[in-house]
Structure formats: structure tokens, C-alpha cells
Amino acid sequence: MTNALMPIYVLATSLIAALVIFTLPERFHKVRTTFNLSAAVLKIVLVGVMAVGIANQLDYEFRYELLPGIDFILRADALSMLFAALSSVLWLCTTLYAIGYLEDAPNRSRFFGFFSLCVASTMGISLAGNLFTFLIFFELLTLSTYPLVVHRGTEKSLTAGRTYLRYTLGGGAILLIGVALMYGLVDQTGTITDFAQTGSMAELPAEQHVLLFVLFFVLIIGLGVKAALVPLHGWLPIAMVAPAPVSALLHAVAVVKAGAFGIVRVIYDIYEIEFAWQLGVLLPLAIWASITIIWGSLMALRQHEVKKRLAYSTVSQVSYIALGACLFGPIGTIGGIVHLLHQGIMKVTLFFCAGNYAETLGIHKISELDGAGRRMPLTSIAFTLGAFGMIGVPPLAGFISKWYLGIGALDAGMGWVIGVLIASSMLNAAYFLPILYRLWFKPVQGPWPDEHILAGRFETIGLLLWPTVATAVFSVAAGLFAAHMFSPLSWASLITYREYLP
Amino acid sequence: MMIFDVILGVGLVLACASVYLSNNLFRSVVLFIVFGLLLALTWTRLQAPDLALAEAAIGAGLTGVLLLDTLGTLRKIRHQRAADDTKKHEEASS
Amino acid sequence: MIRVLGAALAAIITLLGLTLALWFAPATQVNLPQQVELNIDASGIAHPITAVLLNFRSYDTLLEVAVVLVAVVAGLALRERGPRVTPHERSADPMLQALTRRLLPLLVLTGVYVLWAGSYAPGGAFQAGALVAAAGVLARLAGYDIASRVDRLLRLGLALGFILFLTVAVSAMFGGRPFLNYPDEWAGSLIFLIEAVLTFSIGLTLLSLFVHAPGDASPQGGGDYGR
Amino acid sequence: MIPILLIIPLAFAILSLLLPRKWTRTIVIPGLILQLGAALILCLTIYTEGPQDYALGDWQAPLGISLLADGFTVTLLALTALIAALCAIYALFFLERYNREQFYFWPLFWFLLASLNGIWLAADLFNLYVGLELLGLSAVGMVALTSERPALKAALDYLYAALFGSLAYLAGVALIYGAYGTLAIPQLSEMVAGNITTQVAVALMSVGLLLKTAIFPLHFWLPPAHGGALAPVSALLSALVVKASFYILALIWLDVGALAVTVSAAQLMGALGAGAILWGSWNAFKTPQVKMLVAYSTVAQLGYLMMLFPLAIGVSEAAATMAWQGTILHLLAHAFAKAAMFLSVGTLVLAIGHGRIADLGGVSQHMPMALFAFGLSAVSLMGLPPSGGFNAKWLLLQSAIQSGQWHWFVVIAGGGLLTAAYVFRIFRVSFTETVRHEIQATHPMLQLSALLLAFIAIGLGFASEWPLRLMDLTGGGTP
Amino acid sequence: MGVDLWYALVGAVIIALSVFAFISARHLMKKLLAFNMMGSGVFLIMVGLPQHQHGVDAVPQALVLTGIVVAVSATALALVILRRYVRSGGDPAP
């Protein structure tokens, strides 16, 4: 029975943490922090145990009939473990960072409560065993992130929150329509939408193919809002008003990744890549993703605020995942899936750094970064590593993704994708290198805009610094030790071979 | 069916209509009581003496008294309020 | 204007519909009066309407008494506090005084007769109750303050009929009979008892709805109109 | 067993009327426990032994009156007992400041409960009329309780609407009796045919019941009455009272008069529902008062219930079943969520002394639990998962797909966004930090009971199978 | 046409008139009169139609008796609220 309950435990760690944190009075900081961190560590351990089990072909499944004919399924498979591992590790890092970031701020109880709830929803998304369960957690994610976006309570953040809701609730409604139609018209028995039973869609009669084609794009539009596919990305740069750990979480794990992960699920576990290829849905999506990649990078070039530039960079980078998923053939798939993880750790590093600059020196604009490298060397090194990774400099994590994507594109006979990758890398370099230049080579111009953490033993307080360094180390390690058994790349290959050779 | 029934039925409808057509509430209530008495008569024609009794006692009688009493109260309040208003008006002008 | 036109439209549709419905009504398949006649002996009451009201469909009547009680409770909740101008100024009228003295016993007597007649002829608790209430209203207008100022006693009086009805109805269940069933041999007398108490309670209820209605006295200093 | 559910509230109504003031509060909890226990025992009995009927006074229908308890009925009985219990606990603490009102509240509360139970159990058309009147008068009495001018006006409008509605219903009952000679519902559902008399009767009853259920455009009385009453009263009215007349409406359309209603009439009912969703949401979006927002939300949410008629009439049995299940779930989820919402909003208003939405700033810091309860109930109202509201919406959507009624599909799917538009007004304001008012301390039980109700509304998202399985047990009553 | 059906039709006319009055009237007292008379119309149908079908019927008569009592209770409550409303400064004819 432990096998069936494992997914529940994993989900429960952050869910119970959320509930406990909500009920704890505001002033119980120590208790809250201890509880929060132990829950995060426990979750990593549980996910690790499950990952080993999955590698050894164990099944973890929890099933429960929610409505007549519709099951609520939590199931761990290789793909879900990838996402679960990402979110559980980054939950710990972000929580640590947030504790430092929000020191002495009001409403911390509310913040950490919703933070944990948000992680619980990402966990649910990763463990969802069918489309219905996925939908449940996908919507829960919207609800749990809204309070984080408007956390500051200023007019600006409330407006951002409204925009965020318009996009995500609208996307949620479209996804609901797509899922409802999927169940009602195609899949009354609930087998096709079960992620574990792939391949059954190909057996549907040919006259349903038009419907399936339309439904695919209804689902993708619903998911695409969160995955920030142009032009559905409008909420993302505006949501930057949220506190830095929230932005980090939103961009690296929670929201955009949930969308990208959903796209991967739809392509691989519902339509099944081969059938999707035959249906002809992959090429339009690949083109759409490519447009997003280029558009996001171009927009990033035009931004003058650090966080805004990073936001548009996310728009661009997340679409690599969708692009990889569209490349028919195992290597492209590996590229897409591994980028899910790589982009996460790199982007979280960059956002941590941006937060550090803002918290320590009051820097928000790129022009204010001149000479910050000497004042905050560790942070700036981390930023540099993240930026190089994004550009795709070997042997960093980003390079691995881009390499596999490129080979995969050739494999799938879509040579033009190489062009997209090269153009995007150039653009990445164009918007990251000037920042690096300012950091390291420009002299300091007068006093910092608003320096409220003075340099002590380290450049800033430890809780802000160490998570940043840790994630930077992860992103280097993911590239350096790509051949190791539990590296993201090996895991992505495992997933891919299980998908292609069922 | 007798001619009496026709007259009674038409009388009921006329009483009903005149309650609504009257501009004076007091007259409306009185007409309502008349309607109730006619209705009591109707019930005897329908071989329902219990209902005739009940209609006379409750429908016309008690409801009528309640309505009249309320009407009186409403009038008094209105007069009082008008008096108060003029007093206030005078005070304000003086 | 729109309101009048709408009202006229609604009235015309109603009239049309009702006339059609009445004219083309299908023949009934069930004949209830027959069943009433067949079971009237078992009901313990000779008068069919009283039998329906207090035996065959006594559940309706129980709820109906509850409706009356709810109306008076809601009415009492809206009673005004503070001194009420009693007795009425109208009491000075000698004609009314004289009339009341003659009419009052007569009304009460008629009420008792109507109640008693209910078991075999037209009449019953509700009509009798109305007569009792009418007597009370008359007395009130003449200046007699019958409605008790003792609050709890008043409430007991109001609820008494309902309490007895409910108690009799429930007590049947202790003997293993269904709710609202009367023991065969006592049915008649129990029903009469219930009716008698109901008459009193209903009379009191209607009276107190009249007496305790918010009056016309101008608000005294201690009133709670500002609430 | 069945009449116990009537005897308990009636007996407690009398007790709370006659006992000394300090006792009326003490007996509330035992009464609620008894009531809840009786409802649960009946649930179990029906679940194990199937639907039952009960001939009152041992007179078989149609001469006598029967009570009928099937799966649907007992679900509603349990719902009533549960919501009433939580609202009553809330009222115990909420009414501490209302000395006079508190005394009259309890008898009316128990009578309201008795009438609700009576309506769920009734199997006789005229008995339903008496039940409706008892329900209407006790509800009006509760609305008028504060004796403030707006409350009195609202109570008057409500009373007039209720009286007119029940007379229209009674006119229909008169025609039915004249045409068939009986009032017993199980007997009628076997006899009723599609003739003009029946159709006029159904039309009259429907107009009356639509007015009492406050379905657009006959909803005008609801917002002031529900928005102006004391918080526990509003909760009871929105959660339970309007559902009673809807229940009768569904009974008449899908059971008694099933052969007399047409598909186009059912579509018209659906159109009214769509109008209710739009109009109610729009007004909820515009109103400056928080309680009015919740009241208009009730107008909108009642519109979803009306989807039952187009989705269940003239379609395949599978689609009709899903429509039924969706409607029941919506009824349950809305009852819990709306009660929670009114109670939490009532606490907010009590604490800050007014109900202007624009000035709610900073409450999230002081009353997190009340706001959390509001949030959870809002999730269910918006139909977002996981919640009872979502499951209901899902079933309704599936039913619309099954019968190919795409226009209703769009209405149901889009309605959630409209709900989000007005619900998030509250969140938006409550996240601002500027505190513009003194916040008074309130009893924690006020927030807790609202939170519990909201949790039930959410929990229903995981326990939907339960009521649905119970509902499958039908006797001669509902299909 | 028998007596019973005749009076039932009279009831229908009374209902129609009362519906018109109930909707169009502004004064709350007048609405209340309309409610009471509409009730009477319904009662006429309630007794008239079945008796037209199968002779004197005690059941609808008993129902109407119940209806009359309910109507008077409702009217009394309405009047109490109306008085209190007017006393607190409200307008009886909004």
C-alpha cells in the first residue's frame, strides 16, 4: 500500500505545510520557518525515494473515483519525477531565499502559506495521472499564485494581479472547455486522457481527426497562456511587480513550467508523438514556438529594467521546451525535456541575482549595474554563469539543451529550427552580454541607488546569497556531469526511451 | 343555474373592479368588505356553508377591521408628519 | 405606463389561460368525496369538512396553525417598545360602550356554538376563533384591555392550541401508531378538545396581531425608532 | 422515523418561544444535534432499505397525506440540518449584540427549519402550499427582525412577492385538483397528461415558483432582502430557502407534469437562467456594498439551477441523468459556499462597522480566516477545481455535450469568468494595506463556522460520489 | 353551464382583475387588497371546478378554509410590517 500512498505523501508535505502556516499566528516566525524548511527537506527525500523506485520500474499510483466514470489519479512516472524533483529542490532554495528577502516584512504567514500551496499545486501537476487531475491542479495553481503576485498590496501590484487573473482564468476556462470536450466527445471511458495509456488515440476512426486537430489547439491555447506563448504572454512581464522569490518561482518552476509541462503531456501522453505527427499538429506548434522564441528575445533587448529583461527572456526560453516536444524523434524530445529542468535552475539563479541587486543596492535598472561586479562578486559570478548558460556556452546546462534540440531538429527533418536556435542564441548574447560588461568592466558611477544592506563578511545577507550560489552551482553541474546517471540529461533520456519504446 | 347566480357573479366582479377603480382607499376597503359579504353569499350557493361562515367572520369581518384600523393609523401618521413639517418650516422661516 | 401595460397583458393572459383551463378540464379519474364518505365513520366526526381538516388532512392543519403562530411571533417581534397610549381615546364613546356590553357576550356565545356545531354541522375552530377575536377587537375598541400585558402568559396562550395539537399527534407515536393518528374510541373527543383550545389560541392570536400592531402614537423619548 | 424530522424543529420552536430568555440559547445546541442525528439516521435507513413513504395519521393518500423519503429528499434533509446547525452556531455568537432580535430569531429559525423539512418530505401538492407559506412567513419575519427601515421595506417586498407567488402556485393546484381529483404527487405523476388544463396549471405554478425562487426577471425582491437581513438570516435564505421553491419547480416539471411540458418551454426556462447569470453577475460587479454583492451573486448562481430544464427535458436518458446530478451538486455546493460567504462577509461587516467594498482595505491582516473562508467559497462559486462547484459545472458541461446543446455549454463555461470578475473585487481590495477604520474584535467562532462551511463546499469536490449515489435511490418521486 | 363552473369562471375573472391591480397598483394597501381578492378568486376555482366535476366535495372546501386562515395571517403580518415601516418614515405608496 505504501506505493499507492507515496504520491499522496509527496503532495501532502506541502499541502499540510500550507495549512499549518496559514493557521500559525504572524509572530511565530521560528516555528513557521522550521516547519516550512523541514517540510521542504522531507519532500526532497520523498521525491528522491520515488525517483529511485521509478528507475527500478516500481509503480506509484493512487486512484480514486471522483465523479461517475472519472478518476482522480496521482501517479509517478519518469516525466513527473523530473518536474517533481525540479520543484522540490527549488522549493527549498526559494523558501530559504524568501526568508531572507522578506525579513521583517508584514503578512509573512499569508505569503509562505500560499507559497507552499503553490508548490503543492506544482506537485499535483507533476503527479497528475490524467488530464482531469491535471486540470484540477492547473487551476489550483492560478488561485495560489494570485495572492503572491499582489502580495505587496500596492496599486501597481493590484493592477498586475488583475491582468494576471484575466489571462490565467481565461486560459483556464479555455482549457476546461478543451478538457470537457475531450471527455465528452472523444473519451467517455477515460482511457485516452489517462497519461499511462498512450497510443489509444490512434485507434479512433478517421472522421474524428479534424475534431482531434481542433481540440489539440484548444488545449494548447489553454496551456499556452501559462506557458507564455506569444501573444498569450502579456501577463508575464507585468507580473514582475511581485517580490523576487515569487518571480523566481513563477518563472522557473510554477506557472510557466506548468504550461510547458502540460504541452509535453498533451503531445506525448494523450496524442502520443507519432499520432500527433501524423495528424500534422506538430509543425504549426513548432512554428508558433519558434516565433515566440524570436519575439521574446527581441522584446528582451528593448527592456531597461533587469527583471523585465529576464521576464522576456523567459518567454523566449520556455518555448524551447514546446519546440523540443514538437521535434519528432528521441533526440529532440530529450532536448525539450531536459530544458524544462535546465531553464528552471538557470532562470531561478538569474532572478535570485536580480533580487539580490535590488535588495542590497536598490538596483532595478540595467544602467545602474555599472561596476556592481566588484561590490557583489559572488552574486555577479552566479549571474554570469546563468547568463552564459542561457546563451548556450559550453559546457553549461543551456548548451546541452540547445545541442540536443539542434541534432533533434535535423533528425526530424526540420533543419530550419537550427536557424531559429542560432538566431535566438545571438539575441540572447545581445541582451545578456551588455549586462555582463556593465557588471565587470564599467566603473561605478557614484553611490548606489538605495543601499540598505551594507557589505559585512559577505556582500549581502547569507540567506540571499547561498541559495543563489547553490542554484548557480547546480546549473554548472547539470552541464558538467551530464553523463552521470541521475543528471537531468540521463533522466530525460530515460523518459524519452520509455516514451518511444513502451 | 338561476338568474340570481348571474347577478351575484356579476356583482362580485363589479365589487372587485370597483375596489381597484376607487381612488379613495377608505372606500376601497369598504367595498372590499362588501365583496367579502357577497362572497359569503356565493359560498352558500356553492353548498359550502362552512366557507360562508368563515368568509363572513374572517375574510370580510376580521380582515376588514384590520385594514380599517391600519388605514386610520396611516392617516394619523400622515397628518402628524404634515403638522411636524409645517412646524419645522415655520421655525425655519421665523 | 409600461407597468400598467404589462399588468394588463399579464391579466389578459391569465384570464385567457384560466378560462381555457376551466372550460376544457378533463373529467377527474379519482373521486375523493366518495372516499371521504366511506371513511367518515372511522374519523370520529360526523361533519365531513371537520373530518378532513382535523383527521384526514390534519397534517395540513397542524402546519396551518404553525403559520398563524409564525405570523404572530413575527408580529410581536415588530411590536414597539415604550409606553403605548392605552386605553384608546375612542373609549369615551358611550354608544360604543353600550353596544359592546350587549354584543360581547353574544359574540362569545356564538363562538362557542360555532365551535360545538363543528363536529356535525358547519362550523369549527377557525370560524369560532374569528368570532372570539372579533369580540376581543370590539372590547379593545371600547377600551377594555383584555390582551394580557404579561408577556409570557400571552405567548403561552398563543401557542397553547399548537402545543396541544402537537402533543396529541406525537403521543400517538408512543403507542406505536403513526404520527397524527387518533385512538379510535377517543377520536371524536380528542378532536373536539383540540378544536376548543385552538379556538382560544386563534382568537387570541388574531386579537394580538390587531392590538400589538404598531400604533399611531408619536414616538416617546424612550422609543427605539432610531434603531 | 420520518415525522421525527418535523417534530424536532416544531417542538424546539415552541420551547424557544415559551422558555425564559436565557434558556432559548441553551437549547439550541441539543436541538441541532438531535436534528442532525435524525437526518443522518434517516439517510442511513434510506441508503440501506431504499425509499420509504409514511402515511400520516394512518390515512393513505389520496385521502390522507403521505410523506416520501427517497435519496434526493434525505440528501436535502441532511444538507438542511448541517447548514442550519452551522448557521445557528454562528447566530449564537453573532446575535449577542442584538438583544431583542435574538429572542424572536430562534422560534422563527426553528419554524423555518420545520417548513424546509416539511417541503422536502411532502408528497402532496396542497401540503407543499402550506409548507411554502410557513417558509415564506418565517423567512419574512427573520428579514424584518431588525426593524430598520430598509429591512422593513425589503421584508414587505419579499412578503408581497412570496404571497403572490404562492397564490399563483395555489391556482395551479386548484386546476390540477379539478382536473384529476387528487393531490397526491405519486398518484398524479401516473395520471397527468398533456392537456390544456394541466399546461395552464403548470404555467401558473411555474410563474409563482419562479417568483419565489427569484429567477431573473422576477428576482427584484431578493437582493434587498438577502442583502439587508442579519448575516445568519441571509445565509439561511440564500443557502436553503430559495432552494425549496426550486425543488418544487423541478418536481413539477420533471415528475408531476413531465408529460405536459414541452422542449421549447424548457429552453425558455434555460434562457431565464442565462439571463439570471448575466444580470446577477453584472449587478454584483457594480454594487458598492459587499452584502449586496453576495446577494446578487445568489441571483446569478440560481441561474445555473435553471439549466436543469433544457438539459434534462427532451434529451437522452444519459444526458438527463448527468444534468440531474450536476444540478443536485450545484445546489449542494452553492448552499454551502453561499452560506459560508454570507457568514464571512457578515463577520467582516460586524468587525469594521460598514459594508462598503472600497473601504475594506487591510482586512486580510486582521481577519485572515474570514477572508480565507470567503476565498474558498468563491472558488466553489466560480466553479474552479477542486470544489463541489467545479464538479457540478463539469457534469452540466458533459450533459450539454451529450445532448449537443452548445448554447448552454457556452453559458455554463463562461459563467465562471463572470463570477470571477465580481468575486475578485473583494480580494483586490482586501490585499491593500491602507486601513481606514477601526477593526473591532469578534468572536473566533464566527470565523470558524464560516470556514467550516467553506471547507465542506471544497470537500464536496472530493466526495461528490456520495450524494450522487444516495440520489440514485428514487421511489415514486423524482426521476 | 352549472352553478359551480359559473362561479369558477367568475373566480377566473376576479383573478385576472387582481393580477392587473397587484402589478399596477402603487399603494401597498391596495396591493394587499388585490392579494386578498385574488385569493378569493383562487378559492372559487378551487371549490367550483371539482364540484362541477363530481358534486359537492368536502376536501377542497377544507383546503379553502385552510387557505382563508393562512391569508388572514399573512395579511395581518403584512399590515404589522407596513405600519412599522410607515412609522419609521417609509412611504406606503413608493
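Chain B and chain D do not touch, and 15 Å separates their nearest C-alpha atoms; two residues count as in contact if their C-beta atoms, placed from the backbone, lie within 7 Å. Chain A and chain C are likewise not joined by any contact, and their closest C-alpha atoms are 37 Å apart. The model is predicted: local features need pLDDT of at least 70, side-chain atom pairs count only at pLDDT 80 or more, and totals for chains, interfaces and linings use all residues. Residues are numbered from 1 along each chain as its sequence is written, while chains are lettered from A and ligands numbered from 1 in the order in which they are written.

Among the 6 pairs of chains that touch, chains C and D have the most contacts. Here 49 residues of chain D meet 45 residues of chain C. On the chain D side, at least two residues each come from helix H1 (4-18), helix H5 (99-121), helix H6 (125-143), helix H7 (149-180) and helix H9 (196-213). H6(D) supplies the largest share of that side, 10 residues. Helices are DSSP runs of H or I with at least four residues, strands are runs of E with at least two, and both are numbered from the N terminus.

Chain C also contacts chain E, through 39 residues of chain C and 37 residues of chain E. Helices H1 (2-23), H2 (32-43), H3 (48-56), H4 (58-77) and H8 (187-211) of chain C each give at least two residues to the side that touches chain E. H1(C) contributes the most to this side, with 12 residues.

The table gives the make-up of the two sides by class.

Chain B has 3 helices and 0 strands, in the order α-α-α from the N terminus. Its C-alpha trace spans about 70 × 25 × 10 Å along the principal axes. The radius of gyration of chain B is 20 Å, whereas a compact globule of 94 residues would have one near 12 Å; the radius is taken over C-alpha atoms, and the globule rule is 2.2 Å times the number of residues to the power 0.38. Of the 94 residues of chain B, 45% count as buried, that is, with 20 or more other C-beta atoms within 10 Å of their own, C-beta atoms being placed from the backbone. Of the contacts in chain B with a separation of 6 or more, 44% join residues 24 or more positions apart.

In chain D, helix H19 (residues 406-430) has 25 residues and reaches 37 Å from its first C-alpha to its last. This is close to the 36 Å expected at 1.5 Å a residue, the expected span being 1.5 Å times one less than the number of residues. H19(D) has a kink of about 30 degrees centred on Val423(D); the bend at a residue is the angle between axes fitted to the seven residues ending there and the seven starting there.

For chain E, UniProt (unreviewed entry) lists residues 6-25, 32-50 and 62-82 as "transmembrane region". UniProt positions are given in the numbering used here, feature names are shortened, and annotations may be inferred rather than shown by experiment. Residues 6-25 of chain E are 95% helix and 0% strand, with end C-alpha atoms 28 Å apart. Residues 62-82 of chain E are 100% helix and 0% strand, and their end C-alpha atoms lie 30 Å apart.

Note on methods
Buried ≥ 20, exposed ≤ 12 C-beta atoms within 10 Å, placed from the backbone.
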